[in-house]
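The stops below say what to select and what to look for.

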Amino acid sequence: MTPDQLRQARVLVVGDVMLDRYWFSSVDRISPEAPVPVALVQREQDRLGGAANVALNAAALGAQTTLLSVVGADDAGRRLATLLADTPVRSALRQVPGLRTTLKLRVVARQQQLIRMDFEAVPQREVLLDLMDRYEQELGFHDVVVLSDYGKGGLDHVARMVQRARELGRKVLIDPKGRDYSRYRGATLITPNRAEFALVAGDWRDDTELEARAQALRTELDAQALLVTRADEGMSLFTAAGHLHVAAQAKEVFDVSGAGDTVIATLAAMLGAGESLEQAVRTANRAAGIVVGKLGTASVDPAELWPAGA
Ligand SMILES: Nc1ncnc2c1ncn2[C@@H]1O[C@H](COP(=O)(O)OP(=O)(O)OP(=O)(O)O)[C@@H](O)[C@H]1O
Ligand SMILES: [Mg+2]
């Protein structure tokens with residue numbers, strides 16, 4: 001895979017967008033008001049989260065990437081728009097008055113989270129229905145669709161999105177949530193992590209049982225492939241042709257959050273560039289191994305994946 005080929009990939013990311021906010025603080029005393037620490041906030045950092053992080057990861061690999069979603073017309077929504085403007089991602093974010101943007105606020109002291117506070121609200125169905133028109137238009141320009149479901153309600157019409165994309169011959173990759181995957185029926189590839197997979201398919205004792213459960217779910221959903229990401233155990237791909245297991249590759253592990261976003265974004269970029277599914281999975285596993293070794297930045301670029309001379 002060359003950077004030029006990756007730049008040919010056109011990836012449409014749709015789903016729940018969120019702002020990851022960090023308040024780095026110092027703690028030197030206990031509050032006189034209640035037995036809790038007092039955090040003196042010294043620095044704020046905002047990062048693109050959820051579907052926006054997926055889009056950022058696809059764009060970092062060179063893919064032409066569009067992000068379609070709704071946020072609120074509030075501070076966090078404007079901040080997301082500003083952050084996106086600094087990236088190569090083409091933003092199709094709609095700021096909706098009255099909607100609260102999903103925000104995860106972490107108060108961090110001495111490299112530890114003191115607390116995480118979540119702000120979120122489910123977008124109204126009408127707003128999301130409006131988004132469908134734009135979705136239809138965007139389908140025309142993209143080869144691969146990523147539906148990034150964080151369970152925040154932004155993918156109310158996911159079944160129709162999958163169906164429309166498949167009718168037009170687009171590949172549809174889904175990062176799933178919840179107990180019922182029937183709305184993902186017909187997808188090209190679904191990428192649950194271990195806990196997500198166990199929630200829909202049940203626990204497994206060994207790889208044989210995992211494979212049986214994965215193939216049963218894949219067939220039931222009429223999906224071309226199912227990829228179970230297994231954190232430090234790597235990932236397992238299940239298709240009609242059988243299964244492929246790839247061991248985890250990380251040299252050092254600093255920050256595993258967002259690794260799943262890197263996985264699905266890399267798969268999308270690789271498939272959009274014409275790569276085979278197996279090869280895309282191997283590359284996604286390497287990309288995840290690199291990103292978990294990073295603090296702060298949450299994406300991987302082609303030079304890291306294919307060092308010159310390697
Ligand atoms: N501790 C780890 N050591 C090595 N590789 C890891 C580790 N954690 C994650 N990875 C890599 O990242 C991939 C995705 O991780 P995981 O299965 O935890 O997804 P996830 O739970 O969706 O991640 P997140 O939701 O935090 O983005 C794994 O398949 C593996 O390649
Ligand atoms: Mg995940």
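Which residues in α2 are buried? Select Ala 51, Ala 52, Asn 53, Val 54, Ala 55, Leu 56, Asn 57, Ala 58, Ala 59 and Ala 60, which are buried. The model is a predicted one. Helix α2 runs over residues 51-60 and is mostly covered, with ten of its ten residues buried. Step past the end of the helix to Gly 62: just after α2, this residue takes a positive phi of about 110°.

**Second stop: α2 against α8**

Two packed helices are described by the angle between their axes and the distance between the axes. For α2 and α8, the axes come within 8 Å and cross at roughly 45°. An angle under 35 degrees would count as roughly parallel and one of 65 to 115 as roughly perpendicular; α2 and α8 are therefore oblique to each other. The crossing of α2 past α8 is right-handed. To display the contact, show Asn 53, Val 54, Asn 57 and Ala 58 on α2, and Asp 261, Thr 262, Ile 264, Ala 265, Thr 266, Ala 268 and Ala 269 on α8. By class, the residues of this contact are six nonpolar, four polar and one charged.

Which residues are the closest to ligand 1? Select Asn 193, Thr 229, Ala 259, Gly 260 and Ala 288; these are the closest of the 21 residues that surround the ligand. Helix α8 supplies the largest share, four residues. Colour the shell by class to find ten nonpolar, eight polar and three charged residues.

Move to helix α7, residues 207-220, and pick Arg 213 within it. Is Arg 213 buried or exposed? Arg 213 has 20 C-beta neighbours inside 10 Å, and a residue is buried if 20 or more lie within that distance, so Arg 213 counts as buried. Leaving aside residues up to four places away in sequence, Arg 213 touches Ala 201, Gly 202 and Trp 204. To finish, draw a C-alpha to C-alpha distance from Arg 213 to Val 17: the two are 31 Å apart in space and 196 residues apart in sequence.

How values were computed. Residues are numbered from 1 along each chain as its sequence is written. Chains are lettered from A and ligands numbered from 1 in the order in which they are written. This is a predicted model: local features need pLDDT of at least 70, side-chain atom pairs count only at pLDDT 80 or more; totals for chains, interfaces and linings use all residues. A residue is buried if 20 or more other C-beta atoms lie within 10 Å of its own, exposed if 12 or fewer, and partly exposed in between; C-beta atoms are placed from the backbone. Helices (H or I, at least four residues) and strands (E, at least two) are DSSP runs, numbered from the N terminus. A residue is near a molecule or strand if its C-beta atom, placed from the backbone, lies within 6 Å of it. Ala, Val, Leu, Ile, Met, Phe, Trp, Tyr, Cys and Pro count as nonpolar, Asp, Glu, Lys and Arg as charged, and the others, Gly among them, as polar. Two residues are in contact if their C-beta atoms, placed from the backbone, lie within 7 Å. Axes are lines fitted to C-alpha atoms, for helices over the stretch in contact, and angles run from 0 to 180 degrees between N-to-C directions. Angles under 35 degrees count as roughly parallel, over 145 as roughly antiparallel, 65 to 115 as roughly perpendicular and the rest as oblique. A crossing is left-handed if the near helix is turned anticlockwise from the far one by less than a right angle, and right-handed if clockwise.
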